[in-house]
Amino acid sequence: MDALNQAMDEELERDERVFLMGEEVAQYDGAYKVSRGLWKKYGDKRIIDTPISEMGFAGIAVGSAMAGLRPICEFMTFNFSMQAIDQVINSAAKTYYMSAGLQSVPIVFRGPNGASAGVAAQHSQCFAAWYAHCPGLKVVSPWNSEDARGLLKAAIRDDNPVVFLENELMYGVPFEMSEESNSKDFVIPIGKAKIERQGTHVTLVSHSRYVGHCLDAAAVLAKEGIECEVINLRTIRPMDVDTIEGSVMKTNHLVTVEGGWPQFGVGAEICAKIMEGPAFNYLDAPVTRVTGVDIPMPYAKILEDNSVPQIKDIIFSVKKTLNV
């Protein structure tokens, strides 16, 4: 939460064309306090509270981007971006191509994505695969504070529309930050994955909250002599296939982990990319996917817990892949 707040604060200060709009972002300091203090610092012109009308304010944001501003459009949750998907895809994503490169749309759509806790089916979808399906968009999914800070600054500076998928359950989780990552000039290039843990036996590829699950599973498996290489995708589109392929060529095994649904998911795309590329010949076992369950999210906690990947599911899938 603080990393995102800092990133927006620094970019608002750096470039007067940048502004933030969305529900409760100004006087209330944001529904999740991500924009805390920004309204008091920058005022009504730069931090704009909107009515509860995603189609309306997303359209205003896209139009302002076409007119030369650099809006950050916050959805209180990406589930509500369904109200504005026409603006995100037909207006923002396709315009640069349809104008033969004459009209860029520098906009960031950001907010919490995926399952939170106890909010049931209509508020628990992961939109990584939905938006990554569409040419013209860049889709970013940070895990830790460094990701959030460096990728959001890169997204705001990018001349293309960027869908920035945060995770509500990560807002309050603290992470160590290096001196470099606290610098005002720190940006993480969009489209580049990061190897969070080196390993030799199996590659785990994930994004957002489940990178942490993979690292926890890797720590447990290391005690049994199984060394996992954990890749934090960071960006869903464009996907850093080279890093995944390089890791698979080293470990000869691959497990993908995500909170979204299995059909046509991020893991499914990674499977296809590996199947079609040079790393396929290095696989010693089929790729395994760990995903959310293929159902609308239940409300009851025990059912919810069984509908999203747990650390034990990752451990089971790694052992199955390695035939342990």
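The structure is a predicted model, in which local features require a pLDDT of at least 70 and side-chain atom pairs are counted only at pLDDT 80 or more, whereas totals for chains, interfaces and linings use all residues. Residues are numbered from 1 along each chain as its sequence is written, and side-chain values use heavy atoms, with hydrogens and water left out.

The chain comprises twelve helices and twelve strands; helices (H or I, at least four residues) and strands (E, at least two) are DSSP runs numbered from the N terminus. Along the principal axes, the C-alpha trace spans about 60 × 45 × 40 Å. The radius of gyration of the chain is 20 Å, which agrees with the value near 20 Å that a compact globule of 324 residues would have; the radius is taken over C-alpha atoms, and the globule rule is 2.2 Å times the number of residues to the power 0.38. The accessible surface amounts to about 14300 Å², and 55% of this area belongs to carbon and sulfur atoms. Accessible areas come from the Shrake-Rupley method with a 1.4 Å probe, and for residues only the protein chains shown count as cover. Of the 324 residues, 55% count as buried, where buried means under 20% relative accessible area, exposed over 50%, and partly exposed in between (1.4 Å probe, protein chains only). Among contacts (heavy atoms within 4.5 Å) between residues at least 6 apart in sequence, 80% join residues at least 24 apart.

One cavity of 30 Å³ or more is present in the structure, and the volume of the largest cavity is about 30 Å³. On a 1 Å grid over the protein atoms alone, a cavity is a set of points where a 1.4 Å probe fits but cannot get out, and lining residues have an atom within 4 Å of a point. Grid points are joined across faces, edges and corners, and a volume is the space filled by probe spheres set on the points. The lining of the largest cavity consists of Val205, Ser206, His207, Leu233, Thr256, Val257, Glu258, Val266, Gly267 and Ile270. Two or more lining residues are contributed by each of strand E8 (202–206), strand E11 (254–257) and helix H10 (266–276). The greatest contribution is that of H10, with three residues. By residue class, the lining contains five nonpolar, four polar and one charged; Ala, Val, Leu, Ile, Met, Phe, Trp, Tyr, Cys and Pro count as nonpolar, Asp, Glu, Lys and Arg as charged, and the others, Gly among them, as polar.

Strand E8 also contains Thr203, which is buried at a relative accessible area of 0%. Residues up to four places away in sequence being excluded, Thr203 touches Glu229, Ile231, Ser247, Val248, Thr251, His253, Leu254 and Val255. The C-alpha atoms of Thr203 and His253 are separated by 6.0 Å, although these residues are 50 apart along the chain. In helix H9 (residues 241–251), the buried residues are Val241, Thr243, Ile244, Glu245, Ser247, Val248 and Thr251. These buried residues of H9 pack against strand E7 (194–197), E8, strand E9 (228–232), E11 and H10. Asn252 follows H9 and has a positive phi, near 70°.

Strand E10 (residues 235–237) includes Thr235, which counts as buried at 0% relative accessibility. With neighbours within four places in sequence set aside, Thr235 is in contact with Val139, Val140, Leu151, Ile190, Gly191 and Lys192. The C-alpha atoms of Thr235 and Leu151 lie 8.9 Å from each other, with 84 residues of separation along the chain.

Most residues other than glycine have a negative phi, and most peptide bonds are trans. Arg237 and Pro238 are joined by a cis peptide bond, with omega about 0°; Pro238 is placed in the loop between E10 and H9. The loop between strand E1 (18–22) and helix H2 (38–42) contains Glu24, and Asp29 lies in the loop between E1 and H2 as well. Glu24 has a positive phi near 65° and is partly exposed at 36% relative accessibility. Asp29, which is not a glycine, has a positive phi of about 70° and counts as buried at 19% relative accessibility.

Key
On a 1 Å grid over the protein atoms alone, a cavity is a set of points where a 1.4 Å probe fits but cannot get out, and a pocket is an open set with protein on both sides within 12 Å along at least five of seven lines; lining residues have an atom within 4 Å of a point.
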